[in-house]
Amino acid sequence: MSKKQPQDSNQTNLDDEKTFEVLTFKQEAASFLNGVRQGRMGSFPALIGFLVLVVLFSFLSPVFFTQLNFANLLQQSAPLIILAMGLVFILLIAEIDLSAGVTSGLASAIFVVVLKNLGIPWWLAIILSLLIGVAIGLAIGIMVAKVGIPSFVVTLAAFLAFQGLQLMVIGQGGLYRVETPAILALENDNLSVGLGWALAVILVGFVLINGLASRRRRTKNGHANRAISILYFRVATSALVVFTSVYFLNLPRGSNPEFQLQGVPVAVLVVLVVLIPCTYLLNRTPFGIHVYAVGGNPEAARRAGINVSSLRIIIFMIGSGLASISGLMAASRVGTVDAAAGRTIVLSGVAAAVVGGVSLFGGRGKLTDAVVGGLVIAVIDNGLGLLSLPAGLNLAVTGGVLLMAATADALSRKHGTLTGR
Amino acid sequence: MSTPNVPVIELKSVAKSFGAVQVLSGVNFVAMAGQVTALVGDNGAGKSTLIKGMAGVQAYDSGTILFEGNEVQIKSPVDASNLGIEVVYQDLALCDNLDVVQNMFLGRELVRSISIDDETMEQKATKTLAGLSVRNISSVRQKVSSLSGGQRQTVAIARSVLWENKLVILDEPTAALGVSQTKQVLKMVRNLADTGLAVILISHNMQEVLAVADRIHVLRLGQMVANVKASESNLNSIVSYITGAENLSISGEAAL
């Protein structure tokens, strides 16, 4: 939201009842573009970047724009997106977790080793590995919030130490196969065609019903609403994206006619199952507002009576918990866990969040930014891989994209300080 | 509101020293409900130390604090806010990345089942601003980062009204503002007192103190040298109290 405010306070022609300037669709669009120009752009540039990359790779590679690769891309990005969502929480309070990747690897290592050696049911092993992930977050959070060590140092230490721990858990040169069907299903199975359509209807219906309900509530309380065309635009766009994607994914994509491969990947469902409640937590609960407050001005948050240090600890627990889920997803995708699992993913995770539009300076960003950013990083990886260009180029391009996003973030912050916006 | 003629807060011969430096000695101070009580004095006169004692940031060494006639101890900011004392500091402590409503309700969000009750908060915020005749904020849903200095001050002051406080302490609310914004904020300060709160206003600008305050307390070198009605004083007399040209010690009660 970015409405021009008069710098002077001589404005007296406002009704007391009027709380909202109702803008037409055109004005809203103009104010949005104005915001983009001034650097308050969220995931918009990343979304454009994603589309550009998709078009580019579609021309360059005949394999890129196929049902098979589309499903593959979504599965490929899922562990990254979930890790990045955990990092969004941490970046929102202006901290960093360099150990998120290693935590994800350690969680998957603990899962396979415990399952193999203790003979406990698979679901108990999952719970155990998630609990260990959350416990890691608790330990990091206490170090940062109570002891007062910068999170960069604490998590760097954890990054090193947990690699060692993972090596000890797995054993030198060890390699464990993932054999649990439930875990393998996460990254390898698909929803049935019918379920895919049902999911699409639920998603679009949710956007529509939620928008209408919010309008009704506001009208009942005497508040003005934003132009209804904005809601229609939002519903139409999400319907277009969701239904097209589901249609495309529901087409048969297997090369073996004996074995039908079609449907929305389960990985998409897993991402949604993490995304929706966490977005609710951030947007609609006091805790969520406090997270943004601590990221924006910790001193103001403290004076407002928010327990800043326990909030920090909880955030690190959420981050590490999501990292553990990401680790199980990665294990499902690769099919094996070794001592190096998760070692390199953390930087891609930070890149995904920042490319998606999450600020490194705290207080600005959404979980959906991690989804868009994760897709951008995954599409670079996927597309350049298909072109069989050298792997070095892939890393260099990803690094360049990250630097661009971080530059945009820093410039928008600088602009904000200069103009007081 | 409280019984008339019982001060919301009354300090009796409070003292504070830092090592050998006596910052406050035998200071009496009174703030009544429905009045703006100005606290003026030169730099180093002890204004901040006096305020910090009431805010619970830094306790006095000796002396008595009466809150609505009862003796109280204010040892921490929590004690102060439990009594209904709210301090609006110069640095305002607003979150730039949150909107006006979110800032006003920060830490005390209204909740319906488990989600925040945005509509009610928006309504209450709008009502509070309207109650203070605030007209310089057109949308309570805009981010604080897009507000001017005067608008931010407005938000910070309005926040203190929302929570049934009895005493609001404003630390130089107009120090960084331009002319028209200062006018707006001062009008709001007046409205704040007219709603029945006791308002303590710290300021360096004598013109605005004379314009908006009911009573003026003058601190000089840690002593209360004047407690006068604003309507019965003028710029010259206040300045001479501040500088010490006219060093009369007036007891708080006698002048009421």
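Predicted model: local features only at pLDDT ≥ 70, side-chain atom pairs only at ≥ 80, totals over all residues.
Residues are numbered from 1 along each chain as its sequence is written, chains are lettered from A in the order in which they are written, and side-chain values use heavy atoms, leaving out hydrogens and water.

**Aromatic rings**

- Searching the whole structure turns up 4 aromatic pairs over all chains; rings of Phe, Tyr and Trp (its six-membered ring) pair if their centres lie within 6.5 Å, and planes under 30 degrees apart count as stacked, over 60 as edge-to-face and the rest as tilted.
- One of them is tilted: Phe65(A) and Phe248(A), with ring centres 5.5 Å apart and planes at 35 degrees.
- Phe65(A) sits in the loop between α2 (44-60) and α3 (67-92), while Phe248(A) is in helix α9 (residues 228-250), 183 residues apart. Helices here are DSSP runs (H or I, at least four residues), numbered from the N terminus.
- Phe70(A) and Phe248(A) also make a tilted pair, at 5.5 Å and 50 degrees.
- Phe70(A) belongs to helix α3, so this pair ties together parts 178 residues apart in sequence.
- Put together, Phe65(A), Phe70(A) and Phe248(A) form one aromatic cluster.

- Phe248(A) counts as buried at 19% relative accessibility, whereas Phe70(A) is partly exposed at 22%. Buried means under 20% relative accessible area, exposed over 50%, and partly exposed in between (1.4 Å probe, protein chains only).

**Helix α15**

- Helix α15 (residues 367-386) of chain A has 20 residues and spans 29 Å from its first C-alpha to its last, close to the expected 28 Å. That expectation is 1.5 Å times one less than the number of residues.
- In α15(A), 16 of the 20 residues are buried, so the helix is largely enclosed by the rest of the structure.
- After α15(A) comes Ser388(A), with a positive phi near 45 degrees.

Terms used: Helix = DSSP H or I, 4+ residues; strand = E, 2+ residues; numbered from the N terminus.
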